[in-house]
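Here is a short report on one protein chain. Look at the fold first, then read on.

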Amino acid sequence: MSAFVTRSGVPVAWVLPPEMPPDNFATMAATLLGALEVIYSATQGPSPQQVTVQTESGTLVVRVVTPKAFLVALTDGSPADVARQVEETATRARSLLAQKS
């Protein structure tokens, strides 16, 4: 599962199972990223550019793509494999967005 999401939690593009509402998925991912930004701002540290959560059944990666959007992926792959693929996708997305400007 993956989605390209605005910072305000609006899904822009997604690949999700039919039973997963894109709005809910995007809102929760934006909430996660926003909460971590609050934690880091309280410590006067830089905002996280990538968040990885590993469970027994898979990996969740949230990767900032632009100041206004991020990519979120949930898969059964290992954290290293998922992070590499998410980074490649984020780089391609930045390139495509730059062409539109």
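Thr55 has Gly58 in S4 as its bridge partner. The two belong to a hairpin, in which 2 residues link S3 to S4. Strands here are DSSP runs of E with at least two residues, helices are runs of H or I with at least four, and both are numbered from the N terminus. Two strands count as paired if DSSP finds at least two bridges between them.

This is a predicted model, where local features need pLDDT of at least 70, side-chain atom pairs count only at pLDDT 80 or more, and totals for chains, interfaces and linings use all residues. Residues are numbered from 1 along each chain as its sequence is written, and side-chain values use heavy atoms, without hydrogens and water.

| Pair | Sense | Bridges |
|---|---|---|
| S3 (residues 50-55) and S4 (residues 58-66) | antiparallel | 6 bridges |
| S4 and S5 (residues 69-75) | antiparallel | 7 bridges |

Val64 stands opposite Phe70 in S5.

The open sheet has 5 strands, ordered S2-S1-S5-S4-S3, with antiparallel pairing. S2 (11-15) and S3 are at the edges with a single partner strand each, so one side of each has no neighbour in the sheet. From one strand to the next, the twist averages 10°. Helix H1 (residues 22-42) packs on this sheet and touches S1 (2-6), S2, S3, S4 and S5. Contact means heavy atoms within 4.5 Å. The direction of H1 makes about 110° with that of S5. Axes are lines fitted to C-alpha atoms, for helices over the stretch in contact, and angles run from 0 to 180 degrees between N-to-C directions.

Along the sequence, the chain follows β-β-α-β-β-β-α.
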